[in-house]
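Student: Please take a close look at one loop region and at what surrounds it in the fold. I would like the cut-off behind each term as you go, in one connected account.

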Amino acid sequence: MSAMATIQLAGAPLVARRGSAKKASKANRRAMRCNAATAAEVEGKVISYPFVKLVGQDELKLALILNVIDSRIGGCLIMGDRGTGKSVAVRALSDLLPEIDVVEGDAFNSSPTDPQLMGPEALEAFKAGLELAAAKMKVPMVEVPLGTTEDRICGTIDIEKALAEGVKAYDAGLLARANRGLLYIDEVNLLDDSLVDVVLDSAAGGWNTVEREGISITHPAKFIMIGSGNPEEGELRPQLLDRFGTACNIATIFDQKQRIELVKNRMAYEADPEAFAASCKAETDELKAKISAAQKILPDVTMDRDLALKISGVCALVDVDGLRGDIVVTRAAKALVAYEGRDEVTADDIKRVIGPCLSHRLRKDPLDTMDGSFKVMLGFNKVFNGSALKDFSAAMEEGVKDPEEEKRKEEEAKGKEEAAAAPKKAGAWGGLPGFGR
């Protein structure tokens with residue numbers, strides 16, 4: 001690199017000497033370290049809403065827990081009305097994530113022992129026989145904001161090193177930071193299509209390839225993808241839908257007792273987050289221990305071949321494209337069994353997870369008003385029980401009921417009973433025998 005370096009910044013030429021570039025670089029590094037310390041300090045003060053204090057939404061909580069137990073399930077898509085706690089539930093999950101071994105100071109969260117989970121620098125040192133310094137860190141959770149750009153997701157050239165040292169270096173992006181962790185996309189249905197393609201490529205193969213500004217690098221990007229959004233704001237592309245292992249549709253809670261409990265919990269959390277989190281620390285630690293035990297049990301969980309054949313039968317019956325559905329149902333059922341401390345999958349375990357695993361994989365028909373989960377359960381009953389309508393009389397009667405309407409109906413029925421029981425006036429006609437009573 002010559003003594004003079006000419007670069008273009010904001011459309012105007014700028015000439016800088018090597019010495020001034022180095023001074024600016026040192027100042028920038030000090031500022032960045034200061035900013036990083038401040039950010040860490042602020043982050044340390046932020047206390048997430050406790051996962052164990054989430055009211056209702058049992059299907060969502062189970063789906064998130066199963067993904068923590070077995071990351072190969074493939075993540076979770078959460079769609080529902082606004083204000084139903086979708087992002088709160090995902091951020092609360094961070095307190096349940098276990099610690100992992102990483103190479104100290106590595107930008108890719110490289111494993112110190114597994115070459116398949118190593119970044120370029122760690123892999124080169126590993127092949128050279130060098131000892132990699134290991135450290136502990138919590139499984140990372142990286143959020144993708146709506147305003148992000150492709151270079152921040154994939155990574156780009158490190159401008160600081162280019163100016164200070166005259167070398168081409170890679171500045172890791174969000175996919176590198178999410179390696180061996182969780183990638184959370186809020187309002188996933190509003191994400192730009194070009195960014196969706198980038199995330200899809202990495203989610204499919206587990207690797208991110210960057211070819212830009214003279215940089216050529218491939219690094220592991222194995223992450224659990226979690227997305228949330230409001231279906232009223234737009235649908236997701238089928239390719240993106242299929243990348244999520246499970247999908248949950250969240251509805252507003254109408255039960256008055258649950259709503260009161262939820263409001264009280266939220267107000268207590270906002271008044272004093274530390275005290276509120278401390279009040280349920282024992283429950284949180286118990287859940288973390290249960291998840292940790294499930295991860296140890298998981299490799300020993302077995303499934304009968306007949307059950308595996310029936311899972312494939314259900315997928316074929318409801319026209320699920322590809323084989324990803326069969327695999328996800330099997331993994332989710334095994335994770336559920338491990339979570340409950342057992343070692344053998346039953347038909348009931350499959351029934352509990354098959355809806356969230358397959359409902360979003362069905363082909364869309366604009367003229368069909370039947371819910372995807374309902375279709376999947378019809379298929380499950382057909383294959384596992386011999387009849388699609390078996391045990392469905394209660395399910396057909398279920399649904400979200402309007403509490404005001406139910407109250408009005410009860411008052412009308414009570415009024416009719418009181419009117420019928422009231423004594424008749426002398427000489428009043430009581431109607432024909434057998435009618436009106």
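Tutor: Helices here are DSSP runs of H or I with at least four residues, strands are runs of E with at least two, and both are numbered from the N terminus. With that convention, C280 sits in the loop that separates α11 (273–279) from α12 (281–297). Before going further, please note that this is a predicted model, in which local features need pLDDT of at least 70 and side-chain atom pairs count only at pLDDT 80 or more, whereas totals for chains, interfaces and linings use all residues. Residues are numbered from 1 along each chain as its sequence is written, and side-chain values use heavy atoms, with hydrogens and water left out.

The relative accessibility of C280 is 1%, so C280 counts as buried (under 20% relative accessible area, with exposed meaning over 50% and partly exposed in between, for a 1.4 Å probe and protein chains only). If residues up to four places away in sequence are set aside, C280 touches P50, V52 and K53, where a contact means heavy atoms within 4.5 Å. V52 is 228 residues from C280 in sequence, yet their C-alpha atoms are 7.5 Å apart in space.

What is the geometry between the rings of Y49 and Y269? Their centres are 5.2 Å apart and their planes stand at 75°, so the pair is edge-to-face; in this scheme rings of Phe, Tyr and Trp (its six-membered ring) pair if their centres lie within 6.5 Å, and planes under 30 degrees apart count as stacked, over 60 as edge-to-face and the rest as tilted. Y49 lies in the loop between α1 (18–45) and α2 (58–69) and Y269 in helix α10, so that 220 residues separate the partners of a pair that links distant parts of the chain. Both tyrosines are buried, Y49 at 7% relative accessibility and Y269 with a relative accessible area of 13%. Y269 also forms an edge-to-face pair with F276, at 6.2 Å centre to centre and with 70° between the planes, and F276, at 7% relative accessibility, counts as buried as well. Y49, Y269 and F276 therefore read as one aromatic cluster, while a search of the whole structure finds four aromatic pairs.

Helix α10 (residues 256–271) also holds M267, which is exposed at a relative accessible area of 56%. Together with L262 and V263, M267 forms a nonpolar surface patch of about 280 Å² of accessible area. Patches are built from residues with over 30% relative accessible area and no salt bridge, joining like charges within 9 Å and nonpolar side chains (Val, Leu, Ile, Met, Phe, Trp, Tyr) within 5 Å; a salt bridge is a side-chain nitrogen of Lys or Arg within 4 Å of a carboxyl oxygen of Asp or Glu. The areas come from the Shrake-Rupley method with a 1.4 Å probe, and for residues only the protein chains shown count as cover.

The loop between α1 and α2 that carries Y49 also contains Q57, whose phi is near 50°, a positive value in a residue other than glycine. As background, most residues other than glycine have a negative phi, and most peptide bonds are trans.

Beyond its neighbours within four places in sequence, I350 is in contact with residues including M303, L307, V329, F380 and F384. Across the 437 residues of the protein, 38% are buried, and the fold has 18 helices and 13 strands.
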